[in-house]
Amino acid sequence: MSLAFHARRIMLVTVLVVAATSALASETVGWRTDGTGRYPTATPVLQWGPDQNVRWKTALPGTGNATPILVGNRIFLCAEPSTLVCLEATDGHILWQKTNTYEDIASPEDLAKIGPDQAKAKALEGEFNKASREANQAKAGLQSKPDDEALKTKLAAAQAKQTAIGLELEPYRKLWYIFPSRHDINGYSSATPVSDGHYVWVVFGTGIVACYDLEGNRQWAKFIEKPTDMWGHSASPVVVGDKLIVHISQFTALDKSTGARLWQTRTGASWGTHLPTVIGGTQVIVTPKGEILRVDDGVVLAKGIASLEYASPILDGRIAYFIENGGKAVELPEAVVENKVVCRKLWNTQPKKDRYYASPVLHEGLLYAVNQVGVFSCIDAATGEVVYEQNLGLGKAVCYPSVTFAGSHLFVGGDNGTTVVVTPGRTYSEVCRNKIEPYRGSPIFDGDRLFLRGFQNLYCIGAVN
């Protein structure tokens, strides 16, 4: 063969490698992979268990609720309270793990104060909680003995103690490096990471945002703001163009390369993750609270089009679905006019009344949702009609994982480790049930592999010969 042929061959291989790398870099991977919870080309096994179809499992450095993401052959996930973990997808071994603590980003001056101040705040929180319990016990006793003077005295003393401790706690709570409130179930690591194929970004409920390359080298890390909700934070970040958009108590757009703040818009906290889309060439994000923000500058183009309490909307072209009891579908307009977006309501829906922590999934004109107590609903996406409801009988399990479609089946999970496999359609058709360790994050799929983040382990589930 000629040298010219070899040169052309080398050039072709180089072009293909560069093209493959560019394709990977152009794909943004985050919550529910692309936000839809759909994996139509996947070919997963339908049955698994602790000793069935587990290709590997890896013990993790801490618990966590965030859904993992798959970038090339690397898996990224979060562990309590503030660790980003990278694993090799082939065999599950941990490639690297990085903490993102207040100490990691503090100035020398703050570093000397963090430990003592955190210890003092923790002690005061303990005293405050003890006084709260005493007050609640006295209130409960007074319900049956309203004239009991001893209980009245106990209540007054407990409330006075609460007030005094609260005043002592106040200056500590204002310090940026004092842990914010959160519920034990939620923790600080419920937000899913996001990646563009070159870098991965992560947001913790401590208010810290960080960026790493895929080898674990921190590019930047900074404190944005503390969550203001007493239960904590869970909204995942999204990448749109050159911006990383974070939603804690307000929306903050950061330069994804440097972490520099580009704009902030106060809209109030939400649990669900906002979704990017385009209206008439304008990049926007649709929020669970029913706002539409322009990505370029954070201007609110619409508000009040819907409002989800916990879950996230899903998008199908120009249709946005907000599914819960009292949910709705709205049609986004073709263009932004004079800094405004006017949406058209298509329908309201009333599936079983309860909390909807899990986000729905759309498949072939039907929406599938599950409420916290395991009532599974099929909703006509064209009309909002509830086609059927089925109690999955999950006992005391709470359905935090979002409903997922993979291959040709639906996967519905509860935090007791049960996953119900259902055939899509207008009648309920259960295929099987699987049980593994408890989990709250949503499963993700790749080819014949299912990745599931349990409380203690990450699982790779697939046919085992």
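Threonine 33 lies in the loop between helix 1 (3–26) and strand 1 (38–39), where helices (H or I, at least four residues) and strands (E, at least two) are DSSP runs numbered from the N terminus. This is a predicted model, in which local features need pLDDT of at least 70 and side-chain atom pairs count only at pLDDT 80 or more, while totals for chains, interfaces and linings use all residues. Residues are numbered from 1 along each chain as its sequence is written, and side-chain values use heavy atoms, with hydrogens and water left out.

The phi angle of threonine 33 is near 70°, a positive value in a residue other than glycine. Threonine 33 counts as partly exposed because its relative accessibility is 25%, given that buried means under 20% relative accessible area, exposed over 50%, and partly exposed in between (1.4 Å probe, protein chains only). Asparagine 53, found in the loop between strand 1 and strand 2 (54–59), also has a positive phi, near 55°.

## A cis peptide bond

Glutamate 80 and proline 81 are joined by a cis peptide bond, with omega about -10°. Proline 81 belongs to the loop between strand 4 (74–79) and strand 5 (83–88).

Five strands form an open sheet with mixed pairing, in the order 1-27-28-29-30. Its edge strands are strand 1 and strand 30 (430–435), each of which pairs on one side only; two strands pair if DSSP finds at least two bridges between them.

Within this sheet, strand 28 (residues 409–413) and strand 29 (residues 418–422) pair in the antiparallel sense over four bridges. Phenylalanine 411 has valine 421, in strand 29, as its bridge partner.
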